[in-house]
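Dear colleague,

Please find the structure below, handed over for your records. My notes on it follow directly after.

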Amino acid sequence: MITKAITINGLYLDSVKMMLISKELRQAKGVIDAVAIMATKENKEILAASGMLVSDITDAKESEIVVVVKAIDNEHADLAIGIANELLRAPSNKDNSSEKLPQSIDEAVITMKGANLCLISVAGKYASAEADKALDAGLHVMLFSDNVSIEEELRLKRKALEKGLLMMGPDCGTAVINGVPLAFSNEISKGDIGIVSASGTGLQEVIAGLAHRGRGVSQAFGTGGRDGKKEIGGLMLCACMKYLMDDPNTKVIVLIAKTPDKEVQDKLVELIKQTSKWVVVNFLKDISLPDVKNLRYCTSLDETAQVACELLGDGKQVEAKMLCSESYLIEPVNERRYIRGLYSGGTLCYEALQAYSRKFGRYPISNIASEAEYKMRDVWHSEGDCFIDMGADDFTVGRPHPMIDYSLRLKKIADEGADNEVAVIMLDVVLGYGAHPDPASELVSVISSLPKELAVVCHVLGTEDDPQNMAEQVSKLTAAGVRVFTSHIKAIDHALSIVEAGRK
Amino acid sequence: MAMLDLNSESLKVINVGLEAFASDLASKDRTVVNVDWRPPLDVNPLAVSKISHAYEAVIAKANAEALKIINQGKPVLIGMGIALQTIPGMHEDLILHAGPPVTWDMMCGPMRGAVIGALMYENRAETPEEAEKLAASGTIKYQPCHELRAVGPMAGIISASMPVFIIKNDTYGNLSYATQNEGLGKVLRYGAYSPEVLERLRWMDRVLYPVLNRAIKHLGQIDLQSLIAQALHMGDEVHNRNRAGTSLLIRQLAPALLKTMENIEDTTAVLDFINGNDHFFLNLSMPACKCVLDAARDIPNSSIAVVMARNGTEFGIQLSGTGKKWFTGAALVPDALYFPGYSKDDANPDIGDSAITETGGLGGFAIAAAPAIVQFVGGNAADALSYTRSMYSICFGESQKYQIPALDFRGTPLGIDVVKVIKNNLVPIIDTGVAHKNPGVGQVGAGVVKAPSEPFVKAFEALADMLQSD
């Protein structure tokens, strides 16, 4: 075996592209492991941990790309390095115009007359500098990047609001602004429901729920998960609420946040009292809020969508359109007892934990459990009833998000299937922009070789106008025997009922 | 706190980061522009904070002053002379070279070849071997052209008895110097030292120099600024294309050449020589930029570059606000179009003082004015336009004298601001010829080379240390 490495100067590619190139390299002949990555301090640590930080690249600069290949012999290593060079330098196919791209936000503002929003997804340590530039240029900001400190978040949000600008994020994955879906979002028509959400997948689930009920959104703001913390004080949640309260195109407001701190909850409730519009609130937990006549509290995301449509009072049908029967037999699976949830959407996984505790009176084991007693001891090793958010940092360092790259989840599905105590595998498939182009085909290849007695329940989150063709995705999965639902709460309730049936 | 304003018009998105987000939007005909983003340069954070605090109040003021001086500079050709008697500081054992300081043992092939040739031309050595020995002996001293107010293309060698042009900045009175351009092919500036090369140099001394000198004397002076401004309107950027500039020069010189003619053979030979050398004007456009930029030296706190120069080993810059100090980094190999039979493997790293043209807002910065040579920069006119456009974002201002027709006569980007280079992680582009790495082979290609970032990072950090508040 041999490990070879090269350093490439003067080239920059985004992290997703490099991870996809790394994936392709690993599939090259004679290659044991391979990676193409920016030579940042953090990445070098990752390389060191996997024994791939060879001496040739220890001095590589932060702005350089390193390619490391472990191969069976010298010849194959050289071949792989050649492939890497080609892939890294391949011109991006998207840019067929000969016009060169702007190289900075300042330049882009000149190139594009009337630009009004900047979508930023560079690595966290560079993110706030770019957000500053965008705000200085008078642009609304959606900051997809994570790993931005909470102090920086507060500073950026204050700065934005002084200028009357949006500062969605950091770690804001989803938004639909003026009808345009941004980052990990779904196609939805314009409509009368305005949403503000501190949860990305939570927002996607509600958008899908509204689309299935034939409704659209006026705006769907994301704020990033920490906006409800007292350190940020709900700055953006409140600003977006005020916008929706004043917005003539918004008839009903939906407010989603993962259990905000008490002082933020109070602020939000005070705001709700100041509007005559209905506000449907979901804090993703069973909590009680003060009685406010125009406030409706929901505990599931799908119910949130349902209630919002009911409150519109537009006389149209409120039932969700279904893409398959969504009725499956509930019967115990012989000898098998446990449920294993393998999620790509963090909020969906969280909703599953709540649904589980409602049914069984306690939480299942999870890598995102808030109480220590339910926390997984080893995230790579499931035990009992267990729910894993595979979008958590445990699984995404140096790898694309599980909504984009299914390879790790496929491996976990096969592992869980081989455990003869597992009765149900619960999955989510998130469609829309940013997500995998054909997840069903990837899943079917693994699911079809699972033991037949195992139940596979899958929530497909998407809308019919999403780029993947949702109906086709659903039918591919149902054809493979998967129990498909287009509402997460219905899917998880069904999955848990199978488990419950086995224990009676 | 202002209310959010979404101005319900259509959303126009600038995407920075994951390219897929931009292509998703574009696939549905939504308005999006993707930024070709790269991480910022690795710069000492303390320097960054010092500079950003001082930029508006201190640095930008100094830069405005520097830019004003540069824009008011007026280069004129006023005469010629022999280097030893003309360039202050020149002496018989001194050889001037392109770029930042470099010792004999660190010199690249072409520069060594040119030194060997110069020593033979000066009759200090009979053979290349003898010359090499003398060059390494310590008797011969080396110094950058720039430090004696001179500039030289490629190896940029100036030795004591070479004739030089004298250019004056008419506004500020300072002078600059450059040798006469030898033409293409086997020439000293590419490190060639064969008998034909030395013979040409001697002819240039014996015939070209006196004939031109008489004509220039007769004219009194030639306004180089006006020639450069016209040449830009005629498809030159006066670094890699000097055809218009050379033609305009002949137009100016012709009557004076006839008026001062001593014999028809010499004058004809001189006109033939200039006519056969499209780059003749380069050795005037370079010192023209040099004397204009030299006037803007030593303005405390200014982050504007007054020199960019390469010696084939290192790339060096000097800032107005940091005095005589050089900031250097390894010179890069140009990404060029190579002549048949040659490739990047044959190329020497970037070499020559000719990057003074880019420093003065010309050359690569004005490539949009030179559609005839766009094959050097990717093949189509749009590439040339965008090269020039991108340089505006690292310049403090624009030229008031030199304009680009294709950009609706916008002034060329002028006054490279090292702070903007660092902030945008965008280095100057230089539109250059490429020398073979072995002495004597000559030019093997032409194209565009990016300046290395290291000299700019070092200059930025040094400026931060030297910042003075009133």
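The paragraphs below set out how the model is described and then what was found in it.

This is a predicted model, in which local features need pLDDT of at least 70 and side-chain atom pairs count only at pLDDT 80 or more, while totals for chains, interfaces and linings use all residues. Residues are numbered from 1 along each chain as its sequence is written, and chains are lettered from A and ligands numbered from 1 in the order in which they are written.

I begin with chain A as a whole. Its secondary structure comprises 16 helices and 19 strands (DSSP runs numbered from the N terminus: H or I of at least four residues for helices, E of at least two for strands). The C-alpha trace of chain A spans about 70 × 65 × 45 Å along its principal axes. Buried residues make up 50% of the 504 in chain A (buried: 20 or more other C-beta atoms within 10 Å of the residue's own; exposed: 12 or fewer; partly exposed: in between; C-beta atoms placed from the backbone). Among contacts in chain A with a separation of 6 or more, 70% involve residues 24 or more positions apart (contact: C-beta atoms, placed from the backbone, within 7 Å).

Strand β3 of chain A deserves a separate paragraph. Seven of the seven residues of β3(A), residues 65-71, are buried, so this strand is largely enclosed by the rest of the structure. A:Ile65, A:Val67, A:Val69 and A:Ala71 point one way, and A:Val66, A:Val68 and A:Lys70 point the other way. Strand β1 of chain A (residues 2-8) runs antiparallel to β3(A) and is joined to it by seven bridges (strands pair if DSSP finds at least two bridges between them); here A:Thr3 has A:Lys70 as its bridge partner. Strand β2 of chain A (residues 31-38) is likewise antiparallel to β3(A), with seven bridges, and A:Val31 is partnered by A:Ala71.

Finally, the contact between the chains takes 51 residues from chain A and 41 residues from chain B. On the chain B side, β1 (12-16), α1 (19-27), β2 (31-34) and α12 (381-392) each supply at least two residues. Strand β4 of chain A (residues 117-120) runs parallel to β1(B), joined by four bridges, and A:Leu119 stands opposite B:Asn15.

With kind regards

Terms used:
Two residues are in contact if their C-beta atoms, placed from the backbone, lie within 7 Å.
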